[in-house]
Amino acid sequence: MYTAIILCEADKLSSDALLYTKWMIERYEGCYKVFFCCSDITKLQPIMSICKVVHLQKTSDDEIVDVLEFIAKQEGIELPLQMAARMASNSKSNLRQAIRSFEATWHFNTPLTENQEIKTGWEEYIAKNIIEEQSPKQLYDIRGKLQNLIEHNVSAEFIFMTVVEELKSNLDDKFHKEMDTLKMKYNINSNDHEQGKSDNDAVKKIVHKSMKIEGKTSI
């Protein structure tokens, strides 16, 4: 019988840590089964020679809806099927984001209705932080929050579109045209950008530019 060890987010381990783990596995071969869970397999090159790679398929919208309905049943919440389907679609196959949206939307307005706005659970406070203060420190803090979302596999495109719309809803109408211009300039398009870093940069750029727009309101 083996002892199973599961390492989540293994792609965040340093090369030294991976090499040490490899040494331990080889030294105690036959004693353990180690599962390395990761989003970026290229980061696990130091241990690839002793690993069997298993690719997991993205969670389907139907599977996400099933989970949301299960949660709703357990919590005694009436969740319209159409709303659950929209939450699943908006999440871009990210179950964690779908659950976060369910919770945020339920707290925002109960009882839930099919056509009400779906919240994400983070867009409001990021937009408000941008509007409340425009400073290097605030920009640094917001970038950290955006990076955290991306590291948890929330689609950069989804973050981009959601933050833009939330910013517009909190800005005076006279600034909407500038926001639309920024949206077109930095719009994330998978045909024009490499995945990952480029998407992340687009999100960060529009936050930076938005701070400059909002800064004009105090002049």
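I take buried to mean under 20% relative accessible area, exposed to mean over 50%, and partly exposed to mean in between, with a 1.4 Å probe and protein chains only. With this rule I looked up K12, which at 46% relative accessibility counts as partly exposed.

**Entry 1: the model.** I note that this is a predicted model, in which local features need pLDDT of at least 70, side-chain atom pairs count only at pLDDT 80 or more, and totals for chains, interfaces and linings use all residues. Residues are numbered from 1 along each chain as its sequence is written, and side-chain values use heavy atoms, with hydrogens and water left out.

**Entry 2: the overall plan.** I looked up the secondary structure, where helices (H or I, at least four residues) and strands (E, at least two) are DSSP runs numbered from the N terminus. The protein has nine helices and two strands. Along the sequence, I read their order as β-α-β-α-α-α-α-α-α-α-α. I also looked up burial: 33% of the 219 residues of the protein count as buried.

**Entry 3: helix packing.** Two packed helices are described by the angle between their axes and the distance between the axes. The axes are lines fitted to C-alpha atoms, for helices over the stretch in contact, and the angles run from 0 to 180 degrees between N-to-C directions. Angles under 35 degrees count as roughly parallel, over 145 as roughly antiparallel, 65 to 115 as roughly perpendicular, and the rest as oblique.

I first looked up helix α2 (residues 61-75) with helix α4 (residues 95-108): they pack at an angle of about 40°, and their axes are 10 Å apart. Therefore α2 is oblique to α4. For handedness, I call a crossing left-handed if the near helix is turned anticlockwise from the far one by less than a right angle, and right-handed if clockwise. The crossing of α2 with α4 is right-handed.

I then looked up α2 with helix α3 (residues 81-90), which pack at an angle of about 125° with their axes 9 Å apart. This angle makes α2 oblique to α3. Their crossing, too, I record as right-handed.

**Entry 4: salt bridges.** Side chains of opposite charge can pair when their charged atoms come close. I counted a salt bridge where a side-chain nitrogen of Lys or Arg is within 4 Å of a carboxyl oxygen of Asp or Glu. How many salt bridges does this rule give? The count comes to three.

- I found E9 and K12 joined through their side chains, at 3.4 Å from N to O. E9 is partly exposed, with a relative accessible area of 38%.
- I found a salt bridge between the side chains of D40 and K43, at 3.8 Å from N to O. D40 is partly exposed at 28% relative accessibility, and K43 is partly exposed with a relative accessible area of 46%.
- I found a salt bridge between the side chains of D141 and K137, at 3.0 Å from N to O. These residues are separated by about one helical turn, because they are four residues apart in helix α6 (residues 136-151). D141 is partly exposed at 29%, whereas K137 is exposed at 58%.

**Entry 5: backbone details.** I returned to E9, which lies in the loop between β1 and α1 (15-27). Its phi is near 50°, a positive value in a residue other than glycine. Which residues does a cis peptide bond join? The bond joins T110 and P111, with omega about 0°. P111 is placed in the loop between α4 and α5 (123-132).

**Entry 6: a surface patch.** I looked up nonpolar patches. Patches are made of residues with over 30% relative accessible area and no salt bridge; like charges are joined within 9 Å, and nonpolar side chains (Val, Leu, Ile, Met, Phe, Trp, Tyr) within 5 Å. Accessible areas come from the Shrake-Rupley method with a 1.4 Å probe, and for residues only the protein chains shown count as cover. I5, Y28 and Y32 make a nonpolar surface patch of about 260 Å². Of these, I5 belongs to strand β1 (residues 3-7) and is partly exposed at 32% relative accessibility.

**Entry 7: two distances.** I located S169 in helix α7 (residues 156-170) and noted that S169 is exposed, with a relative accessible area of 54%. Between S169 and A127, 42 residues apart in sequence, the C-alpha to C-alpha distance is 9.3 Å. I located R143 in helix α6, partly exposed at 35% relative accessibility. R143 and I126 are 17 residues apart along the chain, and their C-alpha atoms are separated by 9.8 Å.
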